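This report describes salt bridges, a pocket and a surface patch in one protein model.

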Amino acid sequence: MAPRLNFSDWWGKDTQRGTPVIVKMENPNFSIVEIDGPDAAFKPIEKSRGKNAKQVTWVLLLKANQAVGCLAWLATILWTLISTIKNRLIFRQGVSLASEKLGKSKLLFRIIKACLVVSLFMLAFEVVAYFKGWHYFQNPNLYIIPHTSDVLGLFHIIYVAWLDFRADYIAPSVKKLSTFCTVLFLIQSLDRLVLCLGCLYIKCKKIKPRIEGDPFKSDDLEGSNNSYPMVLVQIPMCNEREGLLTLGRYFALRDSIDIFGILLPNNELEHFGDVDLAWHIVHKAYISRVLHARKHCCQFAIGCLWFCHEPNIFFFLRFYSFSSGLCTQKFFSVTGAAQVYELSISAVCQLDWPKDRLLIQILDDSDNECIQELIKSEVAKWSQKGIDIIYRHRLVRTGYKAGNLKSAMSCDYVKDYEFVAIFDADFQPTADFLKQTVPHFKDNPELGLVQTRWAFVNKDQNLLTRLQNINLCFHFEVEQQVNGVFLNFFGFNGTAGIWRIKALEESGGWLERTTVEDMDIAVRAHLNGWKFIYLNDVRVLCEVPESFEAYRKQQHRWHSGPMQLFRVCLPAIVTSKISVWKKANLILLFFLLRKLILPFYSFTLFCVVLPLTMFIPEAELPFWVVCYIPILMTLLNILPAPKSIPFIAPYLLFENTMSVTKFNAMVSGLFQLGSSYEWVVTKKAGRSSESDLLAAAEKDLKAFGAPQISRGASESELSELNRLNKQKDETSTPVKKSNKIYRKELALAFLLLTASARSLLSAHGLHFYFLLFQGVTFLLVGLDLIGEQIS
């Protein structure tokens, strides 16, 4: 039976007086508005109307659904983490141990392992004592030892003796160490606060270096270019010591086979064995050669290097050109390496500067003929367009980047130039770079260096790149800018800067004594009285490493080199003629506080003292040391990159995790351990990296005793290669290499997790959460779960 609506009852009810008004809109929220009097629409809404039971039920169901979804998300993450730990630590699937060359010593790892074993033993000891009701010295029956000879009585005696020994001998030493680290922490925090206040003052007063007038204006109409000084541009390349990446054997041929444009489908390759596949490629290339014989000049041949799954078998295929009869063996590899030097050389060659006042040096330090020929071809292409560009290659590769730059500055024609601009291989300056930097040298004879800011094309690539962007933004926005404005001194960043050649020569030129040649020349120039300017508004595009392995090696070099330099430069700083306060700034602030104390206290305080105080509660750290000051300092660090504020917690935890690498590097450089003198190039993801796949393949050929591969490349071939690389980036999925296992980080992860479990017995809520999340962060880093693996 249908329900009755009782419209008559509704109509019979008392209604308020008033004229109803109907308002129609295109997208109405309300279709009928009843106005009773002129001010009825402005009366306050009655808030006494509550929700009925059905609405409350739905709200509770929605809240419960959200809670269940959150719990499911956390359970999924936890299950994934457990599965990853099982696969990588127990079954060792797709992982390998990270090299321990960083430090040449396993002493730190052994100490951490010993601490972990002791902490596990103490945790078991404290758990038994906790369930027996012995809560430190609070239990009045603690010292009432039962006169029995059983195990429990013996355990009671040992525990009481341990409490007395801990309180009398261990706790005072831990208190002194924690107090010392806390004082260093406060000093470094004060320095960070002063830098931020200085940056705020610069922003408020709008202080920045400015160019007065038109520096290139000349009264001589015929020779107007004479107002432009002579500028030398240098691009050092391939300064690394080791071969970097291994060749992707199967995938390199599968994704893109020949440079004629024939792409073999993936499913077509699955039906061939190793030998059949190799000859199938030759057949495809042969057909393509015939079909394109009338369109292309037949002056080159194709060579495909195929490594089979058996390491002692390889196929080196040759395909001979038809018309000229010349046999040019070419090695082809699917990689983004060709794009690197093309982008950097192209950007430098397009600088807006008179061609007769500009010389570009391409300083190729590679030992691979294939790479050399590719770079030579790129240089020849721009030379044909009228650009004054020179290719230089050293036969003796000593001194890494410093040796490369020193060799280039020894050329006779360098004396005709007044300034030198330096760009690393993955840097791309804008066309107006020289016009924004060189004019600052005019009428300023004491100026020796103009440094510009880096901008990162891949800062949003993954979590690791976002965290690096926070650090580097603070470095350039705050540290470099404040030191440049108030001190006229800062560390040269090694690239994206322009030097007065006279300043380089008077300061002793490039020296090979350290791996931080940029900081070395900056310190020596400062000791000779030269001033520096930092331009925060001029930015040069570059790339940050996307894998943790590359970032870890970069940070090791950046933190071991300054300590190495400090040992060498200290006598020169003390005996120099600069003012006392400049000497104090160099020694106390530039080297000791920011290069030595920072990694020391961050590792010791948060990775050693804090977990130690969980087992020695008499030396407990204050609440503000663990919480308030770290959060405040993290906020100050993250302010130059406001879009990264949501990553404040991961940034704080990750910086504490990196303190292990930085501390190890600092000790390595301070005591001159072996790895402090090794230059390990920073690997990039392929957007702007060195041509390292070709070098690795060349090394493999030498190992097999194969003939040497030489490569030449014309402009048309390189353009076709670029087209295929772009097509590969758009269509293919990256090939991930095996992950690394970092043992020190893993050992510290389990140590911190053990300390967090111990903090539960003491009911230390804040300490528990901090140690728990810090231990999980160490675990993620130790399993190489942060960053992106390089293909």
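A salt bridge is taken here as a side-chain nitrogen of Lys or Arg within 4 Å of a carboxyl oxygen of Asp or Glu. The model is predicted, and a search of the whole structure finds 19 salt bridges. Three of them are listed below.

| Salt bridge | N to O distance |
|---|---|
| Asp367 and Arg397 | 3.9 Å |
| Arg466 and Asp460 | 3.4 Å |
| Arg524 and Asp520 | 2.9 Å |

Asp367 is exposed, at 52% relative accessible area, whereas Arg397 is partly exposed, at 32%. Arg466 is also partly exposed, with a value of 27%.

Arg524 and Asp520 both belong to helix α14 (residues 517-527), where four residues, about one turn of the helix, separate them. Arg524 counts as buried at 9% relative accessibility, as does Asp520 at 0%.

Helix α2 gives the largest share, nine residues; α12, α19 and α23 each supply at least two. By class, 20 lining residues are nonpolar, five are polar and none is charged.

On the surface, Leu190, Leu193, Val194, Leu197 and Leu200 form a nonpolar patch with about 460 Å² of accessible area together. Of these residues, Leu197 is found in helix α4 (residues 151-205).

Notes. Residues are numbered from 1 along each chain as its sequence is written. This is a predicted model: local features need pLDDT of at least 70, side-chain atom pairs count only at pLDDT 80 or more; totals for chains, interfaces and linings use all residues. Side-chain values use heavy atoms; hydrogens and water are left out. Patches are made of residues with over 30% relative accessible area and no salt bridge: like charges are joined within 9 Å, nonpolar side chains (Val, Leu, Ile, Met, Phe, Trp, Tyr) within 5 Å. Accessible areas come from the Shrake-Rupley method with a 1.4 Å probe; for residues, only the protein chains shown count as cover. Ala, Val, Leu, Ile, Met, Phe, Trp, Tyr, Cys and Pro count as nonpolar, Asp, Glu, Lys and Arg as charged, and the others, Gly among them, as polar. Buried means under 20% relative accessible area, exposed over 50%, partly exposed in between (1.4 Å probe, protein chains only).
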